[in-house]
Amino acid sequence: MTNIIEKPKTNTLIEEYRQQALAYGHEKAIRTFATPMLQAWEKACEGYADEDTELEGFADLMSEVFNVRDAAIAAAINPRFKIGTIINLAAKAHTPYYKRLLSKTLADGFTNPDIKPDHNRLHNAITTACGLTDLASEKKYRAHPLAVAAYLSWWGREDGTGIFLRDSRSRCGPDHESRCTRSGRAVEGQKARLPQLVLTIVRGGFPPDSPPPPPPP
């Protein structure tokens, strides 16, 4: 009997993930489904993803497995992570070591003066995350790619949520103007938290139609 899980060919990705998780456990199922996607995400963060198609289904998976979303955020923030570490952040997120590693990675951006945002990398990641909304199989799966984009915009601080929200607001029609204004006020403060960012963006109904502008040289 082999321990290798065959990648699904039928049903939705979410249905197949759940079946594999029941049969083999969540860690093995996450590795099977998330590994090629996180590898493609890492390439995208580095700016080498023009021809990569492995990101299809990534929006769906990170909506089903939040640890995959968090691993994507950590990978964008820390360019020193090896791909094995990124995958472990998704597959072994329940273990004390990887819990601490994720917490430290997210906290260091705000508390460690030696950690500086790589704006080119963040721009690549935000652009890719926004593009994932087009690859989602259903509209409900667009929220978590937007959460990734919002968090990375916020974490970058220098350009902050401003890039993300300016791009979004510019596409709000008159009917959405008041919602955009409320959303902008809600998330632009430095104390805004990720759930608030996600809720205001999704409720505002304005996922970006195009990638954010590149960072200043």
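1. Ala 59 is buried, its relative accessible area being 1%. The residue belongs to helix α3, which covers residues 58-64. The structure under discussion is a predicted model, and the values below should be read accordingly.

2. Which residues does Ala 59 contact, once its neighbours within four places in sequence are left aside? They are Leu 132, Ala 136, Tyr 141 and Pro 145. For Leu 132, the C-alpha atom is separated from that of Ala 59 by 5.9 Å, although the two residues are 73 residues apart along the chain.

3. On the overall fold, the protein chain contains eleven helices and zero strands. Read from the N terminus, the order of elements is α-α-α-α-α-α-α-α-α-α-α. The chain has 217 residues, of which 48% count as buried. Of the contacts between residues at least 6 apart in sequence, 65% join residues at least 24 apart.

4. Two of the contact partners of Ala 59, Leu 132 and Pro 145, also take part in the packing of helix α7 with helix α8. Helix α7 spans residues 119-132 and helix α8 residues 143-156; their axes lie 8 Å apart, at an angle of about 160 degrees. Angles over 145 degrees count as roughly antiparallel, and α7 and α8 are therefore roughly antiparallel to each other. Their crossing is left-handed.

5. The contact of α7 with α8 can be described residue by residue. On the α7 side it involves His 119, Leu 122, Ala 125, Ile 126, Ala 129, Cys 130 and Leu 132. These meet Pro 145, Val 148, Ala 149, Leu 152, Ser 153, Trp 155 and Gly 156 of α8. By class, eleven of the contact residues are nonpolar, three are polar and none is charged.

6. Helix α8 also packs with helix α6 (residues 96-111), here at an angle of about 35 degrees and with the axes 10 Å apart. Leu 106, Gly 109 and Phe 110 of α6 meet Tyr 151, Trp 154 and Trp 155 of α8. This contact comprises five nonpolar residues, one polar residue and no charged residues.

7. Is Glu 42 buried or exposed? Glu 42, located in helix α2, has a relative accessibility of 9% and so counts as buried. Not counting residues up to four places away in sequence, Glu 42 touches Ala 75, Ile 83, Ile 86 and Arg 121.

8. Trp 41 belongs to helix α2 and Phe 58 to helix α3, and the pair links distant parts of the chain, 17 residues apart. Trp 41 and Phe 58 are both buried.

Methods. Residues numbered from 1 in each chain as written. Predicted model: local features only at pLDDT ≥ 70, side-chain atom pairs only at ≥ 80, totals over all residues. Heavy atoms only, no water. Axes fitted to C-alpha atoms, helices over the stretch in contact; angles between N-to-C directions. Helix = DSSP H or I, 4+ residues; strand = E, 2+ residues; numbered from the N terminus. Parallel < 35°, antiparallel > 145°, perpendicular 65-115°, else oblique. Left-handed = near helix turned anticlockwise from the far one by under 90°. Contact = heavy atoms within 4.5 Å. Nonpolar A, V, L, I, M, F, W, Y, C, P; charged D, E, K, R; others polar. Buried < 20%, exposed > 50% of the residue type's maximum accessible area, 1.4 Å probe, protein only.
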